[in-house]
Amino acid sequence: MDKQVEVLFENWRKRNIAGLYCKARDLAKAAVLEMIPKEASIGFSGSKTLEEIEVIKALAARGNKVFDPYKAGISREESLKIRREATLADFYLASANAISQNGEMVFFSGYGNRTSGVAYAKNVIVICGINKITANIQEAMTRAREFATPLNCKRLNWESACLKDGRCHDEICRFPEYKRMCCQILTIEAEVSPGRLRVILVGESLGY
Ligand code: SF4
């Protein structure tokens, strides 16, 4: 662990957020599988990082009940219902859009399931690559809005104002002309319940 990461972990400790460092994605996946009992239910929000780690697939394969709102062939209503159920699962998995060196974490959401799940689920595990660390909360917000979200809009062909040129046009990104992705923003500053919120920081670049 380098000095920057050590400082970040110390800041999480002071904020009552449990941090675990894993050098590589396979170690992070193994850590999640160990933290979560086989009989636990799982909720999650869409994330390139979770896809790259293949952790949801691994949990489903070993028999955990997974609330998956992205499965093929389901209606929009069914997908939204599963997103609501997912926030009540035993464990909720997500990635942050950015993490400040001070330990704050920023989550953007389109439907609100990610912000709800991270803020209130029974047990939360956030998984992030070191590429998401920023110097401060202002830079974390900038990263989320001007870097991560345009790339996510492109990945999902989401018809927002940043889809074409990859730049945020907050002032015009309104319905019905555009389908805005940045509808809810959550900043985690600290946690009250010990052990509820855990972060696995992976020592490689993951997601956007
Ligand atoms: S406000 Fe709109 S244009 Fe800006 S990043 Fe969010 S979705 Fe893209």
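Predicted model: local features only at pLDDT ≥ 70, side-chain atom pairs only at ≥ 80, totals over all residues.

User: How many bridges join strand S5 to S6, and which way do the two run?

Analyst: Two bridges link S5, residues 98-100, to S6, and the strands run antiparallel. They form a hairpin with four residues between the strands, where Gly 103 takes a positive phi near 105 degrees.

User: What does S6 pair with on S9, and over how many bridges?

Analyst: S6 and S9 (residues 184-188) are paired in the antiparallel sense, with five bridges. Met 105 turns up again here, standing opposite Ile 188 of S9.

User: Is strand S6 buried or exposed?

Analyst: For burial, the cut-off to keep in mind is under 20% relative accessible area. Five of the five residues of S6 (residues 105-109) are buried, so the strand is largely enclosed by the rest of the structure. You can check it face by face: Met 105, Phe 107 and Ser 109 are buried on one side, and Val 106 and Phe 108 are buried on the other.

User: Now the rings. How do I read an aromatic pair?

Analyst: You describe a pair of aromatic rings by how far apart the centres are and the angle between the planes. This structure holds three aromatic pairs. In one of them, Phe 9 and Trp 12 have ring centres 5.2 Å apart and planes at 70 degrees, so the pair is edge-to-face.

User: Where do Phe 9 and Trp 12 sit in helix H1?

Analyst: They are three residues apart in H1 (residues 3-14), which means about one helical turn separates them. Phe 9 is buried at 14% relative accessible area, and Trp 12 is buried at 0%.

User: What about the rings of Tyr 111 and Trp 158?

Analyst: That pair is edge-to-face too, because the centres are 6.0 Å apart and the planes are at 75 degrees. Tyr 111 is in the loop between S6 and H6, and Trp 158 is in the loop between H7 and S9, so the pair ties together parts 47 residues apart in sequence. Tyr 111 counts as partly exposed at 35% relative accessibility, while Trp 158 counts as buried at 13%.

User: Which charged residue lies over the face of Trp 158?

Analyst: Lys 179 does, at 4.0 Å from the ring centre.

User: How many cavities of 30 Å³ or more does the structure hold?

Analyst: One. The space in the largest cavity is about 90 Å³. It has 13 lining residues, with Thr 149, Cys 162, Cys 168, Cys 173 and Cys 182 nearest its centre. Sorted by class, the cavity lining comes to seven nonpolar, three polar and three charged residues.

Conventions
Residues numbered from 1 in each chain as written. Heavy atoms only, no water. 1 Å grid on protein atoms, 1.4 Å probe; cavity = no way out; pocket = protein on both sides within 12 Å on 5 of 7 lines; lining within 4 Å. Points joined across faces, edges and corners; volume = space filled by probe spheres on them. Nonpolar A, V, L, I, M, F, W, Y, C, P; charged D, E, K, R; others polar. Buried < 20%, exposed > 50% of the residue type's maximum accessible area, 1.4 Å probe, protein only. Pairing = 2+ DSSP bridges. Phe/Tyr/Trp six-rings, centres within 6.5 Å; stacked < 30°, edge-to-face > 60°. Lys NZ or Arg CZ within 6 Å of the ring centre and 35° of its normal.
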